[in-house]
Amino acid sequence: MLHQEAVAFQERLPGTTFIVRHCEDASTWPEQIASGAVEGWHVLLGDAALLAALHRQRLLQPVDDLLTRHELTALVTPARIAATRDDHLWGLADTLGFHLLLYYRRDRMAVPPSDVSALTALARSHSAPPERWGLVMNSYDPLWVIPWLGTCGEWLTDARGRLTLDTPAMVRALSLYRDWHHPRRGIAPLATHHTARQMFLEDQATMLLDGDWALAELAQVPALDWAVATLPMVDVSGCAATPLVAGRFWMVRRDLPLAVQHAAADWLRSVFAPERQVRWALRFNALPTHRDALRDIRLLEHPHLRVSAQQMQTGRALPLGVDANQVLEAMRVPLRALLNRAMTPAEAARAMQQNAMRMNNAADTPQP
C-alpha cells in the first residue's frame, strides 16, 4: 500500500522520483547511516529508537521547519511528546499504539468495570482458583504495571525526561499489582503472555489485560464472544489509567536541497491527511495521529478501533531519547522479586530506579 501511495504521489509531482526501500532490521540503521553505508535517503519511517538515534547524530531536520504550526496542532498529544526535544518536533507520528486494553468475555460479563475497585470486585466474583480466574495478564512484564501510575500521579520520567521510577505513584501501582497476584487472596494467577491468552480463550478467565495487537488476533478466533474496553480508572487518583504508548515516525534528513525539502514536506502532508490515516486504520488497525481522523465517523462506529483510539489518547508516551526497552528492563527483575514476595513495593521501586541509573551511566561511559 505504501508503494501505491508513492506512485500516486510521484504522479502528482512531475519531475520527482520517489523510491521506497524496505529495511528488514532497522536496529542497525543508525550505525550504517553514521558510517555512510546507507546513503541517498531523504525520508525515513521508523520507531522511536531510530528517531532518537538519528537525532543524537544530528542527522534530522525538525518537522516543524517543514509544516506549519496550524498543521501540527492536529497532532495528538502522545505523538507530540514522543518526538519533541529542545522545543522542536523531530518526527511526525504515522501511527500510535502498543497500549494495553481490557478484553472480556461477553458470555460471562455484560458491562466492563469502570474503576479499579469494580475491576477487583468483579474479578473476585468470577474467580474460583485454580480452575477459573476473573483476570489474567502477562504478570512478569513491567508493561502491565505502568498503566496504574495514573495520569494525576507521577510518570516514568519527570518534565526534563529523567527517569523517576522510585515514586509514591510507583509504590502504589506495585502494591495494587502485588495484591492482584496474592497467592491466597488474589484475583489473577502468575502467568506468561501465552498462558494468559490461552486461559482467556479456553474460558478459564473472564477478563484479559492485553495489548492492542490482540484486537486483530482475537478477531480471528471463531465462536469467541468477546468485547474490548478501556482500562478502568485508577481509584487512588480518580484519573484514567496511563498505558505506555509507542509510535512509528516519519523523519526527514537535514541539509537537503530546497526542492527536496519541499517534496518531503508535501509527502508529510500526504501521509498525515485524515482520509489517508483513516484508510490505514481500517485496513491495518493502525491508529491515526491526526485529531480529525480520530473523530471520523468510520472509526467512531468501529467497536474495536473506537475503544483503542480512546485508550491511546489517555495513554502516555516517553519523551524523545528515553529508551522504552531500557525502562522496562530496569523494572523487570525487581518486579519478579516483588511477585515472588522477595521485595516490598517500596524496595522494588527503589531497585528499579537504581537499575535505571546504572544503565544510564553505562550508556554514557565511553567504550574502549
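A: Let's start with contacts: a contact means heavy atoms within 4.5 Å. Of the contacts in the chain with a separation of 6 or more, 73% are between residues 24 or more positions apart. Keep in mind that this is a predicted model, where local features need pLDDT of at least 70, side-chain atom pairs count only at pLDDT 80 or more, and totals for chains, interfaces and linings use all residues. Residues are numbered from 1 along each chain as its sequence is written, and side-chain values use heavy atoms, with hydrogens and water left out.

As for the setting, the chain has 16 helices and 10 strands; these are DSSP runs numbered from the N terminus, with helices being H or I of at least four residues and strands E of at least two. Among the 368 residues, 49% are buried, where buried means under 20% relative accessible area, exposed over 50%, and partly exposed in between (1.4 Å probe, protein chains only).

Now for the rings. Rings of Phe, Tyr and Trp (its six-membered ring) pair if their centres lie within 6.5 Å; planes under 30 degrees apart are stacked, over 60 edge-to-face, and the rest tilted. That rule gives seven aromatic pairs.

Take F98 and W213: their ring centres are 5.5 Å apart and their planes stand at 40°, so this pair is tilted. The two come from distant parts of the chain, 115 residues apart: F98 is in the loop between β5 (92-97) and β6 (100-105), and W213 in the loop between β8 (205-211) and α9 (214-219). F98 is partly exposed, at 34% relative accessible area, and W213 is partly exposed too, at 28%.

Then look at W250 and W267. Their ring centres are 5.6 Å apart with planes at 85°, so this pair is edge-to-face. It also links distant parts of the chain, with W250 in strand β10 (residues 246-253) and W267 in helix α10 (residues 258-272), 17 residues apart. Here W250 is buried, with 5% relative accessibility, and W267 is buried as well, at 2%.

Back to F98 and W213 for a moment: ring pairs join them with W144 into a cluster.

The charged end of R336 sits over the ring of Y140, 3.9 Å from its centre; to count, NZ of Lys or CZ of Arg has to be within 6 Å of the ring centre and within 35 degrees of the ring normal.
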